[in-house]
Amino acid sequence: MKKVFLIGFDLCGGLALHRYFIANKFQSTFEDEDGFSSTAINNFKQGIEILNGYEDCQFFSQIQHETADGQFIYSSEELWAQLYTENPNALFIFNSLPVEKWLEKRKASYGYLPKVMTSLNLEEAQVLAVWRKAYDDHKSKVLGMLSGMSTFFNYDYSVHTISDLNNFFSRHNIKLDGKKFEADSEVRGSVEQRFHIQNIREAALYYRYHRFDIDTAISLLEQAEKHQPCRYYFKDELEQWKLEKKTWMKE
């Protein structure tokens with residue numbers, strides 16, 4: 001099977017596609033859950049092929065990660081051209097939303113905007129301007145190079161359906177069972193424990209960054225970590241928040 005790279009933006013259907021490929025028995029990465037995003041950056045800096053160590057994976061989704069100091073690294077935006085150079089026969093999907101809709105989704109993501117404001121030392125309007133420029137630049141570069149190629153699909157998440165994507169995949173002999181696709185909103189109703197644990201974490205982020213209630217945030221995150229202790233960032237965030245609590249009244 002050809003490799004498939006998702007090289008658009010977060011919050012544009014990447015998680016649903018990741019789960020869709022897994023449901024169809026393909027290997028898939030998502031963000032930095034298995035270390036691909038950070039490894040890809042390191043491989044590139046060392047002059048090693050980007051897929052080194054991940055040769056058996058078929059679908060690469062939402063290639064980005066957060067560093068220990070709170071920086072968001074969008075590996076797909078930095079590496080997509082090199083990925084194409086190294087994998088010219090692969091399929092490339094540019095997933096996006098109209099820019100204003102995308103910005104609203106990013107703003108609404110718990111903890112995302114406040115973290116970036118802090119890390120960049122910018123006001124909200126300035127962060128949105130940075131995001132808008134990054135969006136425009138990335139979209140212009142990708143479409144300028146790949147648009148019109150048979151191995152490229154410009155996937156507007158607000159317009160296209162899974163049937164549109166399946167038709168694209170079928171032309172390249174990738175057969176996926178459309179009945180196994182679940183949109184993100186449907187996945188949230190899953191009976192699988194891991195989805196609900198993630199929702200607990202999102203609630204913790206809401207209380208931490210939007211209600212400024214550190215005690216409730218810590219309590220919720222402790223429950224998430226208790227039921228899924230393998231998630232290293234639960235433990236890291238707990239340690240950080242407990243340290244922050246000591247100086248909370250001074251903020």
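Reply: Helix α3 (residues 75-86) and helix α6 pack at an angle of about 10°, with their axes 11 Å apart. Here helices (H or I, at least four residues) and strands (E, at least two) are DSSP runs, numbered from the N terminus. Axes are lines fitted to C-alpha atoms, for helices over the stretch in contact, and angles run from 0 to 180 degrees between N-to-C directions. α3 and α6 are therefore roughly parallel to each other; angles under 35 degrees count as roughly parallel, over 145 as roughly antiparallel, 65 to 115 as roughly perpendicular and the rest as oblique. On the α3 side the contact is made by Ser76, Glu77, Trp80 and Tyr84, and on the α6 side by Ala134, His138, Lys141, Val142, Met145 and Leu146. Contact means heavy atoms within 4.5 Å. These residues divide into 6 nonpolar, 2 polar and 2 charged, where Ala, Val, Leu, Ile, Met, Phe, Trp, Tyr, Cys and Pro count as nonpolar, Asp, Glu, Lys and Arg as charged, and the others, Gly among them, as polar.

A word on the model: it is predicted, so local features need pLDDT of at least 70 and side-chain atom pairs count only at pLDDT 80 or more, while totals for chains, interfaces and linings use all residues. Residues are numbered from 1 along each chain as its sequence is written, and side-chain values use heavy atoms, with hydrogens and water left out.

Now for another neighbour of α6. The axes of helix α5 (residues 112-120) and helix α6 (residues 124-146) come within 10 Å and cross at roughly 95°, and α5 and α6 are therefore roughly perpendicular to each other. Tyr112, Leu113, Val116 and Met117 of α5 meet Glu124, Val127 and Trp131 of α6. By class, the contact of α5 with α6 has 6 nonpolar residues, no polar ones and 1 charged.

α6 also lies across strands β6 and β7, running at about 150° to β6. These strands belong to an open sheet of 5 strands in the order β2-β3-β1-β6-β7, with parallel pairing. Two strands pair if DSSP finds at least two bridges between them. β2 (28-30) and β7 (152-156) stand at the edges, each with a single partner strand, so one side of each has no neighbour in the sheet. From one strand to the next, the twist averages 15°. β6 (residues 91-96) and β7 pair in the parallel sense over 5 bridges, and Phe92 stands opposite Phe152 in β7.

Finally, look at the second largest pocket, whose volume is about 230 Å³. On a 1 Å grid over the protein atoms alone, a pocket is an open set of points with protein on both sides within 12 Å along at least five of seven lines, and lining residues have an atom within 4 Å of a point. Grid points are joined across faces, edges and corners, and a volume is the space filled by probe spheres set on the points. Of the 15 lining residues, the closest to the centre of this pocket are Phe72, Tyr74, Leu120, Val130 and Trp131. The elements giving two or more residues to this lining are α4, α5 and α6, and the largest share, 4 residues, comes from α6. The lining has 10 nonpolar, 3 polar and 2 charged residues.

Key
On a 1 Å grid over the protein atoms alone, a cavity is a set of points where a 1.4 Å probe fits but cannot get out, and a pocket is an open set with protein on both sides within 12 Å along at least five of seven lines; lining residues have an atom within 4 Å of a point.
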